[in-house]
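Please load the model in a viewer and keep the sequence panel open beside it.

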2 protein chains.
Amino acid sequence: MPKINAERLLADLDHLRTIGGVETGVIRTALSEKDMEARRWLKKRFEEAGLEATIDGVGNVLGKTSKPGPVLLIGSHSDTQPRGGWLDGALGVVYGLEIARALSEDPETANLAVDVVSWQDEEGSFLGCLGSRSWCGVLDPEAEKAATGRDGTKLTDAIAAAGLTDVPRLTMEENRYLGYLEAHIEQGAYLEEAQQHVGVVTAIVGIRAMRFKFHGEQNHAGTTTMARRKDAATALYELAYRVNQEFPAVAGERTVWTMGRAVVQPGAASIVPGYAELDLQFRDQDESILDRFEEIAAAIADDINSRGKARVEYTRSRLPVRPSMMDDGFQKHIAAAAEATVPGKWQSMPSAAGHDPMVITAKLPCAMLFIPSIGGISHDFAEDSDRGDIAIGCQVLADAASSILQERRNG
Amino acid sequence: MPKINAERLLADLDHLRTIGGVETGVIRTALSEKDMEARRWLKKRFEEAGLEATIDGVGNVLGKTSKPGPVLLIGSHSDTQPRGGWLDGALGVVYGLEIARALSEDPETANLAVDVVSWQDEEGSFLGCLGSRSWCGVLDPEAEKAATGRDGTKLTDAIAAAGLTDVPRLTMEENRYLGYLEAHIEQGAYLEEAQQHVGVVTAIVGIRAMRFKFHGEQNHAGTTTMARRKDAATALYELAYRVNQEFPAVAGERTVWTMGRAVVQPGAASIVPGYAELDLQFRDQDESILDRFEEIAAAIADDINSRGKARVEYTRSRLPVRPSMMDDGFQKHIAAAAEATVPGKWQSMPSAAGHDPMVITAKLPCAMLFIPSIGGISHDFAEDSDRGDIAIGCQVLADAASSILQERRNG
């Protein structure tokens, strides 16, 4: 088994955080000057690791091995949120780099082939998973043309400003890859609370959302009898409460649902509300649970409508994200490596946040490994992980990559 | 019985609506130029009706009869909401004027003594019921100094601009009055829906309000498990729903409650809300119902707190308004007059909106009469009443005033 160099791994992560570093965090949004500076530095580090490295026309950095295949692709993204943490994305890219180095350095694994990648704009500063979409050939040209950043800058202008307009875009080389592995911080507190060091991701959860619009009749809160009212807020409160009562019977252990946006209009204590809106979002790795949730919420709305008071309309308020199942075989390799490194201190779990494998699973078997986030914090300057956990995660992923590749060679 | 002159009554109301008239509505907020113009016109009309009329230091217009007492005071207010209707307030003032004229014109009632009044700023452009408070001697000098209009103008400056700073303020002449009568549009649709022409007001309802503050923990809607959440909005939805479930068992026929303001923060579909606020207001003529409502809402909040999730705080969010009971004897006179004029087409009912008698009941027995509002609309340019109903209401109040005064003379 290869032995990763924890000191080198952490030194690379520490260096990467200085590019765009602000206080304890990092500001390195996709295609910004700092983002491109980080990608040029990664390209150099990939080359120093013996890989043939390229920055492509959207900013993906791909380091290709010259070893004969089959090849495992390992990586993540190096762009950040507008006020991001130092590990989100960066961790998985540097894991890929360190694993490529560690495998090459060990005579027993020196023949195993690993490519390393940093995808562009996973965080969606312009268009979420831009880089992996482009590489998988599923980037919609219309969506690319329409995409703008938070300040209104067009994606196409940002690509031009980064000097990438005429640079070729890489797409997946057919028959080269065995699959894709990505490590990430958990972005939740589940591993920390369970006092575990590694999470083996079973699936990236699907996400659906519904928007409810409640049409009532605005009236005087003193002179309008209860019987006469069509109170939009009363309907909202009922729907929200019943959702919270009825969903648990259908939910799995990790299913989540949230009604984080509620608006009551005109919003005065003395006025019976004439209009209200409620957003309901839910996530699970099991599509049948998401289906049932939609049915239950719709049935509650229909029941409220049947009374002829405030009228409820509902629509899907975002394109559904389907659950992305991680490859079973890869999961077993990661689990075995975790059990060898931290016996009993790992577990299988879904990813509640989105990642590039949501795109890549359509083309390649994928797997993901999580390490604990301190306090469950991510997308924030305060994001951090224990340095011991960072090393453990990389060793486990290196062992898994090694055993996946060796199994294929031997099999 | 006196016979009111419906043509003259409606002509006066039609003239009054031209002062500050805009489209079908009226903009005549307290102490504005148009408000003072209307008050000067009313003073002249009071004088033409044989009354000795005065505009006092806050703008109250009082028309005093020279007939020997006991005297009934009849009136309302002539100021309007920022975009008000033509009848709210104006109706009751012109009723008083017409009743004084009609009684004087009938030899059988010519000796009956009626004073007529238009109170200042019932609508609270600066300070609600300013005029009746001043007249009853319960205007708090500190509140008067602090009062400002919607645009920040100080009440004292508005009084100065109206030329009233050095004008004496009238206060109630002790032992002069038998009581106070006021007519008003219903401002609701109860009479219209019941197809009735007159409402005999039993009480002006009391109002209480509570504000609930929900303290939760803001979190990621994907990575925070349901078990770990302290969702402020979930607590709000539950409290609001349970209030709507539990209040009906305690409510009277006309009790109303409203949760017209709900705020969920930060208010994004993908974020578990960390904070929320809910306003609950309730009104009834029976204080024991208001007491029970406070207890029920508090018990629900305490129950939610007992779970150790989001924490609910609650406070009274306004000074409680106590119910104002109308005089039983006066009610009987108005009821008898209504039955004589529109048999079976009247009813007793509480007033769900506030009026000057809330202040005046502390000093004098009061009674109120309602006529139907078309579509229940008030405080709006679209406010209107049937002209036949306007005449009926005035005749009923004239008959009631006459019988109250005659009973006292004979009794």
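How many salt bridges does the structure hold over all chains? The count for this predicted model is 66 salt bridges over all chains.

**Stop 1**

Begin by selecting Arg45(A) and Glu48(A). Their side chains meet in a salt bridge, with an N to O distance of 2.7 Å. Both residues belong to helix α2 of chain A, residues 33-48, and they are three residues apart, about one turn of the helix.

**Stop 2: the interface of chain A and chain B**

Display both chains and select the residues in contact: 46 residues of chain A meet 47 residues of chain B. The two chains bury about 3,700 Å² between them, and 57% of that area is on carbon and sulfur atoms. Highlight Thr223(A), Tyr237(A) and Tyr241(A), which together supply 18% of the area that chain A buries against chain B, more than any other three residues.

Which polar features cross this interface? There are 16 residue pairs in polar contact, both residues being at pLDDT 80 or more. The rule also finds two salt bridges across the interface. To inspect one of these, select Glu193(A) and Arg228(B), whose closest N and O atoms are 2.4 Å apart.

Now colour the side of chain A that touches chain B by element. Those giving two or more residues are α7 (190-193), α8 (232-246), β11 (256-265), β12 (271-272) and β13 (275-284) of chain A. Coloured by class, this side has 22 nonpolar, 15 polar and nine charged residues.

**Stop 3: the annotated binding sites of chain A**

Select Asp88(A), Glu123(A) and His379(A), which an unreviewed UniProt entry marks as "binding site". These residues are spread over 292 residues of sequence, yet they cluster in space, with a largest C-alpha distance of 9.7 Å. The lining of the largest pocket takes in Asp88(A), Glu123(A) and His379(A). To place Glu123(A), look in the loop between β6 (113-119) and α4 (130-136) of chain A.

A further "binding site" feature from the unreviewed UniProt entry is placed at His77(A), Asp88(A) and His184(A). This set spans 108 residues of sequence and also clusters in space, its largest C-alpha distance being 9.8 Å. From this set, Asp88(A) and His184(A) are included in the lining of the largest pocket. Asp88(A) sits in the loop between β5 (71-77) and α3 (90-105) of chain A.

**Stop 4: backbone geometry**

Most residues other than glycine have a negative phi, and most peptide bonds are trans. With that in mind, select Glu23(A): its phi is near 50°, a positive value in a residue other than glycine. Glu23(A) is in the loop between β1 (21-22) and β2 (25-26) of chain A.

Where are cis peptide bonds to be found? One joins Gln265(A) and Pro266(A), with omega about 0°, and Pro266(A) lies in the loop between β11 and β12 of chain A. Another joins Gly69(B) and Pro70(B), with omega about -5°. Pro70(B) is located in the loop between β4 (61-64) and β5 (71-77) of chain B.

Conventions:
Residues numbered from 1 in each chain as written. Chains lettered and ligands numbered in written order. Predicted model: local features only at pLDDT ≥ 70, side-chain atom pairs only at ≥ 80, totals over all residues. Heavy atoms only, no water. Contact = heavy atoms within 4.5 Å. Buried area = accessible area lost by both parts, 1.4 Å probe. Salt bridge = Lys/Arg side-chain N within 4 Å of Asp/Glu carboxyl O. Polar contact = N/O pair within 3.5 Å; in protein donor to acceptor, adjacent residues only side chain to side chain. Helix = DSSP H or I, 4+ residues; strand = E, 2+ residues; numbered from the N terminus. Nonpolar A, V, L, I, M, F, W, Y, C, P; charged D, E, K, R; others polar. UniProt positions renumbered as here; feature names shortened; annotations may be inferred. 1 Å grid on protein atoms, 1.4 Å probe; cavity = no way out; pocket = protein on both sides within 12 Å on 5 of 7 lines; lining within 4 Å.
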